[in-house]
Amino acid sequence: MPDTRVPAYPMKRDCPFDPPPELRRIQAESPITRVRLWDGSSPWLITDYPDQRAVLSDPRFSADVRRPGYPHVTAASQARRRRSRSFISMDEPEHGTYRTMLTGTFMIKKVEALRPRIQRIVDRRIDAMLDGGPPADLVAAFALPVPSLVICELLGVPYAEHAFFQRCSRVLVSSRSTPEEAVAAADELKDYLTRLLGLKAADPADDLLSRLVTEQADTMSRSQIADMAMLLLVAGHETTANMIGLGTLTLLQHPDQLAELRGSDDPKLVAGAVEELLRYLSIVHSGRRRVAIEDVEIGGRLIRAGEGVIVATDAGNRDATAFPDPDVLDIHRRARHHVAFGYGVHQCLGQPLARVELQVVYGTLYRRVPTLRQAVPLEEIRFKHDMLVYGVHELPVSW
Amino acid sequence: MKVTIDQDRCIGSGQCVLLAPEVFDQRDEDGIVVLLQEDPPAELDADVAEAAHVCPGLAISVEG
């Protein structure tokens, strides 16, 4: 029988822009504590910033979803990730072998070289939105298409199929999906990508999937490359899109800072605002998950081999020891040391791309649409409480 | 400030390049860190220290 004195995780938010109050209470009272999950298990929850970095950079904490004790997010995620395991669910040295195949593509100068192309995509989507409105749903018209177009171009996935893969992607990040639904969506997406890889192998183009399928033909099976492609495609959609939608709503709620951002052409101010919004919103709100493979002492607590650990980076990014006045949004803050992309060897591979996309978006949208405003009050906006990556389902706007 | 790097620990996140491009670069083939200067001038100390602090692979050490 589950111990009801142990708090259930995840917890409910009160304010849509802040982590759940109970999470903050735990952070203040006992930064390392047991929580109860959907399956009755009770892993450790790590809420303070220094301990989070210690866990995430310690190889004695494994990301391998097949290990007993790994704290799965949902039954659906458990079913799917056990079935097709990509490098984010591997430990060293295996993890590094696969990740290194991709790091060249996401290095700073390669991603910087994409900036003009990203700028064109952003400009065109703004043109289209302005032509079709007002009003518009900023998520459907802009926030989702921009990162979708970028990741499609980078991978070499035809954007014309976006309705299909965005549907699969939504099922994969929904916390309401059943294991059957998640496995079916993953299989469908993987079949599609496997067929696409076949076409790329026969007729390679200048894109990442072509490169993987030709250069890694001896080291990876077609199925492994498809798993990798699926991870990149889903991750490329669900994160940046939510930072654009929720980030814009947040700025609309802070009109002084929005005005400053709109009035400045200093790329450093925009880049700083991106970091601060990443910290403040921490959209990956279901925690980074690990399982101890040895007994480890963290923050004075002994975590035993086989015990699960959840690193609540949304709480860590509101830790006052690392970020003074953590609940204040301040685009001038030095926030670069946030853990919104995680920390350690599994820190987000696509972070340089996400940064450039968000810099281009935040530096362009509000200047081009200076009268941008919410078309409905905050109470009518549906937040993604039901998704593993937080954001807004829709953002009705006018101008 | 004396800087040393450990390429075996580097995961190619490139955060050091964003913070201190005068001191760090990435190898073209895989994005692994390359040290451009071991003893950068004092005006870069804050940036280099921040790069070491945010490095997710703990691949950068600074002394002095």
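This is a predicted model: local features need pLDDT of at least 70, side-chain atom pairs count only at pLDDT 80 or more; totals for chains, interfaces and linings use all residues.
Local features need pLDDT of at least 70, side-chain atom pairs count only at pLDDT 80 or more, and totals for chains, interfaces and linings use all residues. Residues are numbered from 1 along each chain as its sequence is written, chains are lettered from A and ligands numbered from 1 in the order in which they are written, and side-chain values use heavy atoms, with hydrogens and water left out. Helices (H or I, at least four residues) and strands (E, at least two) are DSSP runs, numbered from the N terminus.

**The sheet in chain A**

- Five strands of chain A form an open sheet with mixed pairing, in the order 1-2-8-5-3. Two strands pair if DSSP finds at least two bridges between them.
- Strand 1 (32–34) and strand 3 (61–62) of chain A are the edge strands, and each pairs on one side only.
- Strands of a sheet pair through backbone hydrogen bonds, either parallel or antiparallel.
- Strand 5 (residues 288–292) of chain A runs antiparallel to strand 3 of chain A, and two bridges join them. Here A:Phe61 has A:Ala292 as its bridge partner.
- Four bridges link strand 5 of chain A to strand 8 of chain A, again antiparallel. A:Arg289 stands opposite A:Ile310 of strand 8.
- Helix 2 (residues 49–56) of chain A lies across strands 1, 2, 3, 5 and 8 of chain A. Helix 2 runs at about 125 degrees to strand 8 of chain A. (Axes are lines fitted to C-alpha atoms, for helices over the stretch in contact; angles run from 0 to 180 degrees between N-to-C directions.)

- Five of the five residues of strand 5 of chain A are buried, so the strand is largely enclosed by the rest of the structure. Buried means under 20% relative accessible area, exposed over 50%, and partly exposed in between (1.4 Å probe, protein chains only).
- In a regular strand the side chains alternate between the two faces of the sheet.
- In strand 5 of chain A, A:Arg288, A:Arg290 and A:Ala292 point one way, while A:Arg289 and A:Val291 point the other way.

**Helix 6 of chain A**

- Helix 6 of chain A covers residues 115–132. At 1.5 Å a residue (times one less than the number of residues), its 18 residues should span 26 Å; the end C-alpha atoms are 26 Å apart, which agrees.
- A:Ile118, A:Ile121, A:Val122, A:Ile126 and A:Met129 are buried in helix 6 of chain A. Seen down the helix axis, the buried residues fall within an arc of 130 degrees, so they line one face. The arc is that of the directions from the helix axis to the C-beta atoms.
- A:Arg124 and A:Asp131 are exposed, on the face turned away from the buried side.

- A:Lys109 is in helix 5 (residues 108–113) of chain A. A:Lys109 is partly exposed, with a relative accessible area of 38%.
- Leaving aside neighbours within four places in sequence, A:Lys109 is in contact (heavy atoms within 4.5 Å) with B:Asp25, B:Gln26 and B:Asp28.
- A:Val274 is in helix 15 (residues 267–281) of chain A. A:Val274 counts as buried, at 0% relative accessibility.
- Not counting residues up to four places away in sequence, A:Val274 touches A:Leu358, A:Gln359 and A:Tyr362.
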